[in-house]
Amino acid sequence: MNRIDIKTAFFIAYKTIVKGHKSTVALIVFILSLSFFNLMFVSGFLYGFSDGIMKSMIDNATAHIILMPQEVPTSKSFIFDQDAVIAEISSIPGVVGAVRHYQLGGTLVYDKNNDGNFKYSSAQIIGINQAEEKKIISLNKAIVSGEFPDDLKNDEIVLGANLSGGFGTKQTKDLGGATVGSKLQINYSNGTTRTYTIVGIFSLSMVGSVASTAFISDSEAEKVLGTYNNASEILIRVDLEKNTLEQYMARIQGLFPNLKLEKYTTRLSTVGILITAFNLIAVIVSIISIIVSAITIFVMIYINALSKRRQIGILKAIGIKENIIEVSYIFQSIFYSILGIVGGLLVIFLIVIPIMAVKPIAMPFGNAVLVYTSFGITINIVSLIIAGILAGYLPAKIVARENILKSIWG
Amino acid sequence: MIKVKNLVKTYSGEIPTLALKDITLHIKEGEFVALMGRSGSGKSTLLHQLGLLDTPTSGSVAINNIDVLSLSDPERTKFRLQYLGYVFQEYALIAEFTALENVYFPAMAFGDNIAIERATELLTLVGLGDRMNHYPSEMSGGEQQRVAIARSLINNPKVLFADEATANLDTVSSEVIYKLFQKLNKELKQTILMVTHEPEDRKYVDRVIFLKDGVIEEEKK
C-alpha cells in the first residue's frame, strides 16, 4: 500500500459513508455505542466496586502503609520511641500523616439488662489518639450512635457495630445490642480487667475486621500494657500523586531498615479475594464485550459488503486493487467504531455518571461509582478500534476475493 | 495489438461447458472490431477473457506484446487499470460517486495528478460537461453510458472493450454512443473491441468477427 492507494481507499470509504443510507449508518453507530457503553459501564462499575473497597480500607482502617515492629533477627512487640519515628516519617515529602496504634487482645463482657446474663466477645482492642487519628482515618464519619470524641477518655470506649450488635445483621459473637452510655468490662489477655463506658458505635461493611474492633485511648492502652511512647503499628497516609506507594515504602524502609512494612492491600484478607475476583470478572466481561462488538461490526460490514458486491466487482474490473477495497472497508469500520466510542463515552460521562451522582446505587462500602483511569479508557478504545479493523477487514476480504464477473452480475 | 492463439474456455460444473473452442485472432492497433453472434455464441465470454476479467482454460493472449495470461493477479489488476478500458451493458457506474468522480477515480487510483482536469475534458467530449456533478441515479441510461465511456478513457487505454454497450438504450442514445465510438476510433486512433448482437451495428466498425457455438465462423471487413 502506497500513499495513493491509501488516498484511494479513503476516498471510497468517504463516499460510501456520505452517500450511504443514513439510517444504516445510524443503526451501526447506535449498536456500537451500546456495545462500547456496555464495555465501559460494566468494567467501570466492577473497578469502581474494587476501588470503593480499597478506598474504604485506606480511609477507615489502614491508611496506605503499615509500619510494624522488628521481626528479624529478633522479634519485638513494639516500635519504640514512636514520637521520633512518626516525626521522621512525617518529614518525608508527600506523607500526609502518620499515627500510632496499640493493639491489645481481650474479652469484652456485657450485661445488657444488669440481670447477670453476661455476653462475652473476644475482640481486638486498639488504642488510638483520635485527635491525630482523624487526620488520616475517617472512622468518626461511620458513627451510627453516640460519637467518636477527639479526647477519648481512659474509661471510654468506641465499638464496631458488629461487636456491639443491634445494627444490621446479627453476628454470632456480638454483645447482643450494647448501647451508648452503658458500661462493659474488658478482660485483657495480660490479666488486667477494666470497665469502660460506651461512647460511640460505628458501622462499616466490607472492611475486613475493623467493624468488629473496639477503640480505646492510647494513654489507656499504655496503662494496660505498661508501656510508654511505643506503638504496635504506625499507619501512614501518603499523597499518591507525588510519588508511588513503592517509592514511599522504599524511602521509609531506608529510614527504618529493621521495621516491617506492609501495603494496605495485604490487610484486605477475604475482601482481597473478592477484589481479585471482581477484577477478573471485569476483564472477562470486557473481552466478551469486545468480541460482541467485533461480531457486530463483522456482521454489519459483511452485510454492507455483500450489498456492495456489484460495486466491488466494478472497482476490481476497472483495475482497483483488492487491498485498496479492503482498506476502504477498514476505514469504514474505524469510522463506525470511533462514532460508537464517542456515543458510548457521551452516554457514560454526560448521562450515566451525572445520574449516578444524583441517584447513587448504595453498596456495602458506600455508593457505587464508575471508576475509570485514562489507561483503562485508552485500552477500551484501542481494543474496540482493533476489533473494528479486524472485523471490517475479514468480510471485505471475503467479498473482494470473489470473481469479478460473479460480483458484477451475480 | 491483441494476439489470441488457440484460446479455450471451459466452464466447470457437473456437465462442463465448452464456451470458447480454439479461438485464434489478431486485432491491430487503431482497429474498431465488432464481435457478433447469437446469444450464447461466446462473444461476451471472449471479451471477458481478452479484457482480463476472467481466465481462459488454455491458449495465449498478448496485448501490446505482453503475455497477459502469465501475469499474477495484482499485475493483471494493474494492467487493467493502465491499459484497458471497459464499457458494460449496464453502465457499471459507482452509485455513490458523481459523474466526475466516476470518471476521474481510475486516474486517481493510478496516481494521476491532473485526473480532475482530464475527467472534465472527457465528460465534455462525451457531451456531459453540464452534468458532471450529478449522481448516476440522476442521469438517463444514455448519459450514464457516456459517463462509463469517459471513465473507460481516463487512463488512455490501449484497448477499449464494450460489452453490448447500447443494449439498454433507445435508438437515439445508441446512435450517440456509436458515433462517439467512431469519433474515438477515428480521431484518437482508439482500438475498440465491441460486442453487439445487432446486425446493423456493423456499419460503424472496421471489421466484424462472427462467433457461433464458441468458434469464429467468419470475419468480414
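**Close-up views of a predicted two-chain model**

**View 1. The two domains of chain A.** The C-alpha centres of domain 1 of chain A and domain 2 of chain A lie 50 Å apart. Domain 1 covers 3-57 + 272-409 and domain 2 covers 70-258, with bounds that come from an automatic or database domain assignment. This is a predicted model, in which local features need pLDDT of at least 70 and side-chain atom pairs count only at pLDDT 80 or more, while totals for chains, interfaces and linings use all residues. Residues are numbered from 1 along each chain as its sequence is written, and chains are lettered from A and ligands numbered from 1 in the order in which they are written.

**View 2. Packing of α2(A) against α10(A).** Helix α2 (residues 22-62) and helix α10 (residues 322-358) of chain A pack at an angle of about 55 degrees, with their axes 7 Å apart; helices are DSSP runs (H or I, at least four residues) numbered from the N terminus, and axes are lines fitted to C-alpha atoms over the stretch in contact, with angles running from 0 to 180 degrees between N-to-C directions.

**View 3. The side of chain A that touches chain B.** The contact takes 18 residues from chain A and 18 residues from chain B. On the side of chain A, the elements giving two or more residues are α1 (3-19), α9 (309-317) and α12 (404-409), and the largest share, six residues, comes from α1(A).

How values were computed. Two residues are in contact if their C-beta atoms, placed from the backbone, lie within 7 Å.
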